[in-house]
Amino acid sequence: MLKLFDLAIARTGLNDAEARLEGFSPLTVETECWDHKNYYPGAHRLHIRVTGDRTTGYLLGAQIIGHWQTGVAKRIDVFATAIFNRMKVEEVEQLDLSYTPPLSNPWDPVQMSAEAWCRTAYQ
């Protein structure tokens, strides 16, 4: 993870190219969403890429870019924990993550990006 001016940039696990080299059948889906309810002041967009294995559904990696105050560190840690515990992307979607309108959405961006991956992978 790094901070570059007003951005926080983080990654964990494998990206699409690395996953392919390791013998996986990767699918990477990119989403963009608000870090918290946008009717509260200071909402920023997060860009999240989720890489999962099409064959098994396992989460392989994630990348996040957003304003440094958007909780990028917390969110990349959720993905890192999920990878460590060999979770499937659909299991990440079902996590019970904290919520309060000034800090997150009812469905956290982590869950929204996992849901987007599942929608694409299983259509």
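**Entry 1: overall fold**

I read along the sequence and noted the pattern β-β-α-β-β-β-α-α-α. I counted 4 helices and 5 strands in the protein. I keep in mind that this is a predicted model.

I then looked up the radius of gyration. It is 14 Å, close to the 14 Å that the globule rule gives for 123 residues, so I put the protein down as being as compact as a globular protein of that length. Along the principal axes, I noted a C-alpha trace spanning about 45 × 30 × 25 Å.

**Entry 2: burial, surface and contacts**

I checked burial next. Of the 123 residues, 42% are buried. For the accessible surface I wrote down about 6,900 Å². Carbon and sulfur atoms hold 55% of that surface.

I also looked at contacts between residues at least 6 apart in sequence. Of these, 59% join residues at least 24 apart.

The 5 strands form an open sheet, 1-2-5-4-3, with antiparallel pairing. Which strands stand at the edges? I found strand 1 (2-4) and strand 3 (26-34) there. Each has a single partner strand, so one side of each is left without a neighbour in the sheet. Ignoring direction, I noted that neighbouring strands are turned by 15° against each other on average.

I followed one pairing in detail. Strand 2 (residues 7-13) runs antiparallel to strand 5 (residues 59-67), and 7 bridges join the two. Within this pair, I picked out Ala10 and found its bridge partner in strand 5 to be Ile64.

**Entry 3: helices on the sheet**

I asked which strands helix 2 touches. Helix 2 (residues 72-84) packs on the sheet and contacts strand 2, strand 4 (45-53) and strand 5. I recorded about 180° between the direction of helix 2 and that of strand 5.

Helix 4 (residues 109-121) packs on the sheet as well, and I saw that it touches strand 3 and strand 4. Its direction makes about 135° with that of strand 3.

**Entry 4: Gln63**

I finished on a single residue. Gln63 sits in strand 5. Is Gln63 buried or exposed? I found a relative accessibility of 16%; the cut-off for buried is under 20%, so Gln63 counts as buried.

I then listed what Gln63 touches, leaving out residues up to four places away in sequence. The contacts are Ala10, Arg11, Leu14, Asn15, His47, Ile48, Arg49 and Thr51.

Definitions and conventions:
Residues are numbered from 1 along each chain as its sequence is written. This is a predicted model: local features need pLDDT of at least 70, side-chain atom pairs count only at pLDDT 80 or more; totals for chains, interfaces and linings use all residues. Side-chain values use heavy atoms; hydrogens and water are left out. Two strands pair if DSSP finds at least two bridges between them. Axes are lines fitted to C-alpha atoms, for helices over the stretch in contact, and angles run from 0 to 180 degrees between N-to-C directions. Contact means heavy atoms within 4.5 Å. The radius of gyration is taken over C-alpha atoms; the globule rule is 2.2 Å times the number of residues to the power 0.38. Buried means under 20% relative accessible area, exposed over 50%, partly exposed in between (1.4 Å probe, protein chains only). Accessible areas come from the Shrake-Rupley method with a 1.4 Å probe; for residues, only the protein chains shown count as cover.
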